[in-house]
Amino acid sequence: MSIEIVLYPKTASKEELATHLISRHYHRCGHLWPWPQGSLHFAWFDTTDFRSYEGVEATIFPPPEKDQKTYGICEWALHTRTRGSASSYDLKEQNALIRTARKSFGGVFVNDWHGTNRYIPI
């Protein structure tokens, strides 16, 4: 069980999204599942005072055509995920990442638990 939020930005290149993630202390990593060609994978985990339990995963990927028809045309989208056992600190970071990315790049985001343009209630 997890909470996934996907941002479909109005204007953002792959490099701009990656720079945004790095500025928030995400680091590049591999991924177990095969994503579309060209996807970039990142992870965030805060070891300070055991505040993070699971961290946040983030992937920059080319969205499928059907998603672009629904949420707006974009070359790259940002997928984020925390596990159900994540701490409130992890969930706050996931919300903050989407909030800051949306402020920078515009667009629409979809929270698989709470709907379109809805953050995780903490």
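Biologist: Which residues does Gln68 touch, not counting residues up to four places away in sequence?

Modeller: Contact means heavy atoms within 4.5 Å. On that basis Gln68 touches Pro63, Ile73 and Cys74, leaving out residues up to four places away in sequence. A word on the source: this is a predicted model, in which local features need pLDDT of at least 70 and side-chain atom pairs count only at pLDDT 80 or more, while totals for chains, interfaces and linings use all residues. Residues are numbered from 1 along each chain as its sequence is written, and side-chain values use heavy atoms, with hydrogens and water left out.

Biologist: Which backbone atoms does the side chain of Gln68 reach?

Modeller: A polar contact is a pair of N or O atoms within 3.5 Å; within protein, one must be able to donate a hydrogen and the other to accept it, and residues adjacent in sequence count only if both atoms are side-chain atoms. The Gln68 side chain reaches the backbone oxygen of Pro63 at 3.1 Å and the backbone nitrogen of Cys74 at 3.2 Å.

Biologist: And where does Gln68 sit, and is Gln68 buried or exposed?

Modeller: Gln68 belongs to helix 2 (residues 65-71); helices (H or I, at least four residues) and strands (E, at least two) are DSSP runs, numbered from the N terminus. Buried means under 20% relative accessible area, exposed over 50%, and partly exposed in between (1.4 Å probe, protein chains only). Gln68, at 17% relative accessibility, is therefore buried.

Biologist: What joins the side chains of Ser2 and Arg81?

Modeller: A polar contact of 3.4 Å joins them. Ser2 lies in strand 1 (residues 2-8) and has a relative accessible area of 13%, so Ser2 is buried too. Beyond four places in sequence, Ser2 touches Arg81, Thr82, Arg83, Gly84, Asp112 and Trp113.

Biologist: How is the packing of two helices read?

Modeller: Two packed helices are described by the angle between their axes and the distance between the axes. Axes are lines fitted to C-alpha atoms, for helices over the stretch in contact, and angles run from 0 to 180 degrees between N-to-C directions. Here, helix 1 (residues 14-23) packs on helix 3 (residues 88-105) at an angle of about 140°, with the axes 11 Å apart. Angles under 35 degrees count as roughly parallel, over 145 as roughly antiparallel, 65 to 115 as roughly perpendicular and the rest as oblique, and helix 1 and helix 3 are therefore oblique to each other.

Biologist: Which residues meet between helix 1 and helix 3?

Modeller: From helix 1, Glu16, Leu17, His20 and Leu21 meet Leu97, Thr100, Ala101, Ser104 and Phe105 of helix 3.

Biologist: I'd like to look at Ala18 in helix 1 as well. What is Ala18 in contact with?

Modeller: Neighbours within four places in sequence aside, Ala18 is in contact with Leu40, Phe42 and Ile60. Ala18 has a relative accessible area of 10%, so Ala18 is buried.
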